[in-house]
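Subject: Structure for your review

Hello,

Here is the structure we talked about handing over. Please look through it before reading the notes that follow.

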Amino acid sequence: MAIKPPTYRKPVGILLMVAGLMIYAGLVSRLLGPLGTLAWYIATPVYLLLGCLWLLPLKPLLQWMETGSWRAPR
């Protein structure tokens, strides 16, 4: 079994994920700062939704990291 040489895609993809998450968190905290003054039972579902929302753009990035292509194979 041949070992594949390492590619640059995985480290670059991880750096892109971290940078994207930092930008997303900054935007959410800046735009939704007043949400922290609401009752916990109102703010918690919003933060849960926004905490999961950042996962949506990860599929193409993970696809690129594994295959080198942004599109799904046909």
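Leu 50 counts as buried because its relative accessibility is 17%, and the cut-off for buried is under 20%. Please keep in mind that the model is predicted. Leu 50 lies in helix 2. Leaving aside residues up to four places away in sequence, Leu 50 touches Tyr 24, Val 28 and Leu 32. One of these, Val 28, is itself among the buried residues of helix 1. Leu 50 and Ala 25 are separated by 25 residues in sequence, and their C-alpha atoms are 9.3 Å apart in space.

**Overall form**

The chain contains three helices and zero strands, and the order of elements from the N terminus is α-α-α. Its radius of gyration is 17 Å, whereas a compact globule of 74 residues would have a value near 11 Å. Along the principal axes, the C-alpha atoms fill a box of roughly 55 × 25 × 20 Å. Of the 74 residues, 15% count as buried. The chain exposes about 6400 Å², and 74% of that area is supplied by carbon and sulfur atoms. If we take contacts between residues at least 6 apart in sequence, 59% of them join residues at least 24 apart.

**Helix 1 and helix 3**

Helix 1 covers residues 9–31. With 23 residues at 1.5 Å each, helix 1 should span 33 Å, and its end C-alpha atoms are 32 Å apart, which agrees. Arg 9, Gly 13 and Val 28 are buried in helix 1. The buried residues of helix 1 pack against both helix 2 and helix 3.

Helix 3 runs over residues 58–67, and its buried residues are Leu 58, Leu 61, Gln 63, Trp 64 and Met 65. These buried residues pack against helix 1. Just after helix 3, Gly 68 has a positive phi of about 90 degrees.

**The salt bridge**

How many salt bridges does the count come to? The count comes to one. The bridge is formed by the side chains of Glu 66 and Lys 10, with an N to O distance of 3.4 Å. This pair links distant parts of the chain, since Glu 66 is in helix 3 and Lys 10 is in helix 1, 56 residues apart. Glu 66 counts as exposed because its relative accessibility is 54%, the cut-off for exposed being over 50%. Lys 10 has a relative accessible area of 41%, so Lys 10 is partly exposed.

**A nonpolar patch**

Which residues make the nonpolar surface patch? Leu 38, Trp 40, Tyr 41 and Ile 42 make the patch, which has an area of about 500 Å². Tyr 41 has its place in helix 2, which takes in residues 40–53. Is Tyr 41 buried or exposed? Tyr 41 counts as exposed because its relative accessibility is 54%. Helix 2 thus holds the exposed Tyr 41 as well as the buried Leu 50.

Regards

Definitions and conventions: Residues numbered from 1 in each chain as written. Predicted model: local features only at pLDDT ≥ 70, side-chain atom pairs only at ≥ 80, totals over all residues. Heavy atoms only, no water. Buried < 20%, exposed > 50% of the residue type's maximum accessible area, 1.4 Å probe, protein only. Helix = DSSP H or I, 4+ residues; strand = E, 2+ residues; numbered from the N terminus. Contact = heavy atoms within 4.5 Å. Rg over C-alpha atoms; globule rule 2.2 N^0.38 Å. Areas by Shrake-Rupley, 256 points an atom, 1.4 Å probe, with all protein chains shown as cover. Patch = residues over 30% accessible without salt bridge, like charges linked within 9 Å, V, L, I, M, F, W, Y side chains within 5 Å. Salt bridge = Lys/Arg side-chain N within 4 Å of Asp/Glu carboxyl O. Expected span 1.5 Å × (residues − 1).
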